[in-house]
Amino acid sequence: MIDRNLPQSVDPAVSRTKFDREIANFRALARDYGSRGWFLVEADFPGAFVILAAPQLKPAPLITGVTFDYTDYDLRPPSVRLVNPFTREPWRGEELPTTLQRRVEGAPIVFPGLQLPPGAAMPRIVQQQPLMQSYPDGIPFLCVAGVREYHDHPAHSGDVWELHRAAGAGRLVRILEVIDTYGLRPLTGYN
């Protein structure tokens with residue numbers, strides 16, 4: 001949900017121009033994104049609403065909606081929420097259709113005295129890291145650089161938006177790519 005009463009520090013014409021560029025870039029490749037299950041439903045500055053499906057499953061299910069709030073963009077990154085695609089209400093932690101599990105490889109596992117054959121790699125610790133993290137209010141946020149909730153969270157106070165802005169971290173398509181990679185593509189079937 002877009003709070004249209006949020007203060008806009010940046011000249012609204014600047015934010016609107018950058019928002020319009022994000023939407024135009026998406027629309028230029030809308031057919032390609034549609035084949036991936038990404039559909040831009042609404043774009044009305046400062047907000048956008050995208051629904052995401054999993055086309056690799058038959059029938060293809062509608063997985064989630066995503067709201068973007070580009071208020072104060074790009075002085076601040078966009079706010080991003082996974083929402084119920086029918087009501088647009090933010091998912092609560094226990095309702096999330098996906099927690100966007102990212103595979104993280106850690107250090108090699110050391111077994112004293114173990115000798116591996118030549119050319120064999122040491123086994124590594126592999127963990128799943130959920131990119132959806134919960135606030136105390138129960139509404140999860142996408143814990144990725146380029147998302148307002150990530151940069152506003154005290155655990156990321158040293159990872160400021162300005163370090164990621166020039167690389168395009170808050171771009172609409174870049175954020176959808178993260179959600180697709182860790183939340184949609186891994187789906188291989190129904191329960």
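Helices (H or I, at least four residues) and strands (E, at least two) are DSSP runs, numbered from the N terminus.

The structure before you is a predicted model, in which local features need pLDDT of at least 70 and side-chain atom pairs count only at pLDDT 80 or more, while totals for chains, interfaces and linings use all residues. Residues are numbered from 1 along each chain as its sequence is written, and side-chain values use heavy atoms, with hydrogens and water left out.

Four strands form an open sheet in the order 1-2-3-4, and their pairing is antiparallel. Strand 1 (38–44) and strand 4 (79–83) are the edge strands, each pairing on one side only. From one strand to the next, the twist averages 20 degrees. For that angle, axes are lines fitted to C-alpha atoms, for helices over the stretch in contact, and angles run from 0 to 180 degrees between N-to-C directions. As for pairing itself, two strands pair if DSSP finds at least two bridges between them. Strands of a sheet pair through backbone hydrogen bonds, either parallel or antiparallel.

How many bridges join strand 2 to strand 3? There are seven, between residues 47–53 and residues 62–69, and the two strands run antiparallel. Within this pairing, A48 has F68 of strand 3 as its bridge partner. On its other pairing, strand 3 is joined to strand 4 by five bridges, again antiparallel. There, D69 stands opposite S79 of strand 4.

I turn now to burial. A residue is called buried under 20% relative accessible area, exposed over 50%, and partly exposed in between (1.4 Å probe, protein chains only). By this rule, seven of the eight residues of strand 3 are buried, and the strand is mostly covered. V41, which has its place in strand 1, counts as partly exposed because its relative accessibility is 44%. The C-alpha atoms of V41 and R16 are separated by 18 Å, and these residues are 25 apart along the chain.

Next come the aromatic residues. Rings of Phe, Tyr and Trp (its six-membered ring) pair if their centres lie within 6.5 Å; planes under 30 degrees apart count as stacked, over 60 as edge-to-face and the rest as tilted. The structure holds six such aromatic pairs. One of them, Y33 with W38, is stacked, at 5.0 Å centre to centre and 15 degrees between the planes. Y33 counts as buried because its relative accessibility is 9%, and W38 is buried because its relative accessible area is 1%. Y70 and Y73 form an edge-to-face pair, with 4.7 Å centre to centre and 85 degrees between the planes. Why does Y70 count as buried? The reason is that its relative accessible area is 0%. Y73 is likewise buried, because its relative accessibility is 6%.

The peptide bond from F45 to P46 is cis, with omega near 10 degrees, and P46 lies in the loop between strand 1 and strand 2. A cis peptide bond also joins K58 and P59, where omega is about -10 degrees. P59 sits in the loop between strand 2 and strand 3.

D72 is found in the loop between strand 3 and strand 4, and is buried because its relative accessible area is 6%. R88, also a residue other than glycine, has a positive phi near 65 degrees. The place of R88 is the loop between strand 4 and strand 5, and R88 is partly exposed because its relative accessible area is 27%.

Finally, the surface. L114 lies in the loop between strand 5 (101–108) and strand 6 (124–130). With 42% relative accessibility, L114 therefore counts as partly exposed. Together with L116 and M122, L114 forms a nonpolar patch on the surface, with about 220 Å² of accessible area in total. Patches are made of residues with over 30% relative accessible area and no salt bridge: like charges are joined within 9 Å, nonpolar side chains (Val, Leu, Ile, Met, Phe, Trp, Tyr) within 5 Å. A salt bridge is a side-chain nitrogen of Lys or Arg within 4 Å of a carboxyl oxygen of Asp or Glu. Accessible areas come from the Shrake-Rupley method with a 1.4 Å probe, and for residues only the protein chains shown count as cover.
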